[in-house]
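Please examine the sequence and the model displayed below.

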Amino acid sequence: MSIDKVIESLPGMSAKNREKLKFNAEAMRDNGKEGQAENAERVLQALIDVAAEEKQARYDDLSAMSMAERVHDVFITSPATATEAKAITALIDNPGKTASELTAICGWKTQSWQTYFGNMCKKREAVLWPDNETDSMTASKMIGLLVDENEEASGLVMKPDVEEIFRKMGHGTKRRRSKAARAAA
């Protein structure tokens, strides 16, 4: 296959095959004859270009999505672990509670709710916060992508659109309360 055809085939190539191609091209660049080394450089540059184009397309797609759509997207491909599900359900079922109270509800100790929920978000940062190369967030700050602070109660509440997505995914055991009932709590 000609080098041009190899380069044209890159967008449809699997990640595994791209890795093999990269390995072979690097070897050819370092050990091949002059023409082979030049072709290897072209392949390596094309691999970089295709990866950048795909990354930009994914960023554009994610940027056009609401946070609830991103949550749906990432939790379908990377479902919550049992611990993460427990943290999600604790918040959905107990809006307005503090992180300490949520920790106790889960049966954990020492602010564990914040740790588990923040790490859950951080693990999915590439989808929840796609601009992470220029503005990476800590796990504790990432909680704010999905959760609001209820200043009146000094507690936490899941953002309504995110809560709706999580409920559709089966999280939360209590029925959704009306906004008035939540405000009174």
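The model is predicted: local features need pLDDT of at least 70, side-chain atom pairs count only at pLDDT 80 or more, and totals for chains, interfaces and linings use all residues. Residues are numbered from 1 along each chain as its sequence is written, and side-chain values use heavy atoms, with hydrogens and water left out.

The packing is described here through nonpolar cores, a core being a set of buried Ala, Val, Leu, Ile, Met, Phe, Trp, Tyr and Cys residues joined through side-chain atoms within 4.5 Å. Buried denotes under 20% relative accessible area, exposed over 50%, and partly exposed the range in between, with a 1.4 Å probe and protein chains only. The largest nonpolar core has 32 residues, and those with the most contacts inside it are V71, W113, F117, L128, L146, M158 and F166. Two or more residues are given to this core by each of helix 4, helix 5, helix 6, helix 7, helix 8, helix 9 (139-146), strand 2 and helix 10. Helices (H or I, at least four residues) and strands (E, at least two) are DSSP runs, numbered from the N terminus. A second, separate core of 11 residues includes L10, A40, V43 and L44. Contact means heavy atoms within 4.5 Å. Leaving aside residues up to four places away in sequence, V71 touches L128, L146, V162, I165, F166 and M169.

Helix 5 (residues 82-93) has 12 residues and reaches 16 Å from its first C-alpha to its last, close to the 16 Å expected at 1.5 Å a residue; the expected span is 1.5 Å times one less than the number of residues. Nine of the 12 residues of helix 5 are buried, and the helix is mostly covered. Among the buried residues are E84, I88, L91 and D93. The cover over the buried residues of helix 5 includes helix 4, helix 6 (99-106), helix 7 (112-123), strand 1 (147-150), strand 2 (155-158) and helix 10 (160-168).

What partners does E84 have among the charged side chains? A salt bridge is a side-chain nitrogen of Lys or Arg within 4 Å of a carboxyl oxygen of Asp or Glu, and by this rule the count comes to 10. E84 forms one with K123, the closest N and O atoms being 3.1 Å apart. Because E84 lies in helix 5 and K123 in helix 7, this pair ties together parts that are 39 residues apart in sequence. E84 counts as buried at 7% relative accessibility, whereas K123 is exposed at 52%. E84 also meets R124 in a salt bridge (2.9 Å, N to O). This pair links distant parts of the chain, with R124 in the loop between helix 7 and helix 8 (125-128) and E84 in helix 5, 40 residues apart. Both R124 and E84 are buried.

E163 is buried, with a relative accessible area of 6%, while R167 is partly exposed at 21%. Elsewhere, R29, D30 and E41 are linked in a network of salt bridges.

R70, in helix 4 (residues 67-77), is buried yet has no salt bridge; the nearest side chain of opposite charge, E69, is 7.2 Å away. Here Lys and Arg count as positive and Asp and Glu as negative, while His and the chain ends are not counted. Not counting residues up to four places away in sequence, R70 touches L62, S63, M65, V127, L128 and P130.
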